[in-house]
Amino acid sequence: MDTESTHSGYSSRSGRSNRHGERGRERHKASSSKDSSRSEKSVIINPPETSSQDSPVHNGEPLPGEPMPAASDPGEEGQDDNWGETTTAVTGTSELSISQEEVVGLGKGIQDRTRSFRRYLPLAVGVCGGLLVLATPLVFLLLPVIVWPERLQPCGAACEGLFLSLSFKLLMLLTAIWALFLRPARASLPRVCACRAFLTTLTLLLTMSYWLFYGVRILDAQDEDYHGVVQFAVSLVDSQLFVHYLAVVLLELRHLRPCYSVCVIRSTDGETRHYNIGQLSIQNAALTILEYYYKDFPLHNPALLSASKHRAAKHLAGLKVYNVDAPGNTAGAQPANGNQSQAAAAAAKRKDSAHNELYYEEADFERRVRKRKARLVVAVEEAFTHVRRMKKEDERASPSDIMDVREAALAIFPSMARALQKYLRTTRRQHCHSMESIQKHLAFCLINNMSPKAFLETYLAPGPTLQYGPERWMADQWMLVSEASVTSGVKEGSEFTLRCLDFSLAITVKGIPYIRVTEEYVDPKSHKFVLLLQSETSV
């Protein structure tokens, strides 16, 4: 039996488990010989068949000297407790199989292609619409000349004047379409803009109406009056110019007048800003607020939020919990109750002194920040003084010995690197600035002859989000959460949320009140007064 166990290659806990593994392999061999045409991608799991402990078997036959096992119902057979260790799993390989990394990469590629499609779809629609608008008047002029040129009546100087007017109008229309519509999208919005959809529909409806009228009244009848055909094309261009003027009013001018005041609150640190916006839909208002956010809000720093968590964990670590209901502690129940009461009293005392701990903790933090700041300022001033001294020496040196500005930045950076690193660690902003970005900023300051204070301003105070690279923003995709439809306009009392990976922005909308200004007339004569002097008064 030991030899069989070694040959099988399975490590079982008992001889019975080993025999089950042998029987499982024999059964698999028989099934694989019968089902040789089965696909290799199938997975077969064979559970072990249990046998009676009183009659051991080997390869499906009873051992010598043992009685034959009695037939029993398969549903009533007892199952081995070690069936998980003796189960045989046979898997096949396939040339079409891919790894999990490839599946993740495939999903990411599809998502990137979908995102790029949604980003450039409005631009493609604008290009197609612009080509249709510009080509239609030219086609109107060319079709009569190509189809029935011998029947057209010459129109002379009148048509030449209309041609000149049409050319300049098309040029202005082309420039206006390029300036308003052929621009890269600022963001990918969840829904289609209602105003843009309305203008696109209106343009297509106008163009199709002119095409229908042109096909019925000019193409079918083969009108001989070419002057009327030219005027028809000019009227189409005039209508398109008016549609473009309507687009400018709806898309660019309507939202310039402020109508609402929005309050934007960041969920993690409570940073708050207030902005005025005009008549916008909820999704366009969210886009405008995000543009303000990247410009005005300081960079979100999760490291600054860990102080309160550490303080709460410190209080919880000081508490002791006793289980007085555990079995076997009946004799020590009284001491445990006494210890628990003492722990509760200590916890209450610690809770009363929590504000003192917070006060001294903030005071110590401010002291360490001031200390690190003073060391950093001194180190930077010494480095810049050394650069100015070297600059004066370079003026007297030969051109071959003059050091480049970037080389100078790399040379003086180690003298301030330690102080800057300690300051950034103390203020928990070390992840916002890389060594490469600091050296680049130092070289920029040296090239433009900036002062040490100008160099330190970037690191002494947190700047807006756009000051840092996109990898520091921690917000690649935003989710707009609103009870109302995102295509509906904002109104008094509207509330919606912009969520990203680590935090969210809560936005509430308040209407700007109607302001009544009255005038009060002040008579200029009311400011005059008379000074009466008595004759007895001594001067």
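Two strands count as paired if DSSP finds at least two bridges between them. With that in hand, look at β8 and β9 in this predicted model: five bridges join β8 (residues 495-499) to β9 (residues 504-511), and the two run antiparallel. Within that pairing, Phe496 stands opposite Ile507 in β9.

Now step back to the sheet around them. β8 and β9 belong to an open sheet of five strands, in the order β6-β5-β9-β8-β7, with antiparallel pairing. β6 (272-277) and β7 (479-482) stand at the edges with a single partner strand each, so each has one side left without a neighbour in the sheet. From one strand to the next, the twist averages 25°. Helix α8 (residues 282-296) lies across β5 (260-266), β6, β7, β8 and β9, and it runs at about 55° to β8.

Here are the helices with their residue ranges:

| Helix | Residues |
|---|---|
| α6 | 194-219 |
| α7 | 226-253 |
| α8 | 282-296 |

What caps the N-terminal end of α7? That's Asp225, with a side-chain oxygen 3.3 Å from the backbone nitrogen of His227.

Over in α6 sits Thr207. Is Thr207 buried or exposed? Its relative accessibility is 1%, and the cut-off for buried is under 20%, so Thr207 counts as buried. Leaving aside neighbours within four places in sequence, Thr207 is in contact with Leu132, Thr136 and Gln240.

For the whole protein, the tally is 14 helices and nine strands. Of its 539 residues, 26% count as buried. Among contacts between residues at least 6 apart in sequence, 73% join residues at least 24 apart.

Finally, a word on confidence. The average pLDDT is 75, and 65% of the residues score at least 70. Over residues 28-96 the pLDDT stays under 50, although the model has 61 contacts beyond four places in sequence for that stretch. Residues 329-336 also have a pLDDT below 50, and this stretch has three contacts in the model beyond near neighbours in sequence. Where pLDDT is low, the predicted coordinates should not be read in detail.

Terms used:
Residues numbered from 1 in each chain as written. Predicted model: local features only at pLDDT ≥ 70, side-chain atom pairs only at ≥ 80, totals over all residues. Heavy atoms only, no water. Helix = DSSP H or I, 4+ residues; strand = E, 2+ residues; numbered from the N terminus. Expected span 1.5 Å × (residues − 1). Polar contact = N/O pair within 3.5 Å; in protein donor to acceptor, adjacent residues only side chain to side chain. Buried < 20%, exposed > 50% of the residue type's maximum accessible area, 1.4 Å probe, protein only. Contact = heavy atoms within 4.5 Å. Axes fitted to C-alpha atoms, helices over the stretch in contact; angles between N-to-C directions. pLDDT = per-residue confidence, 0-100.
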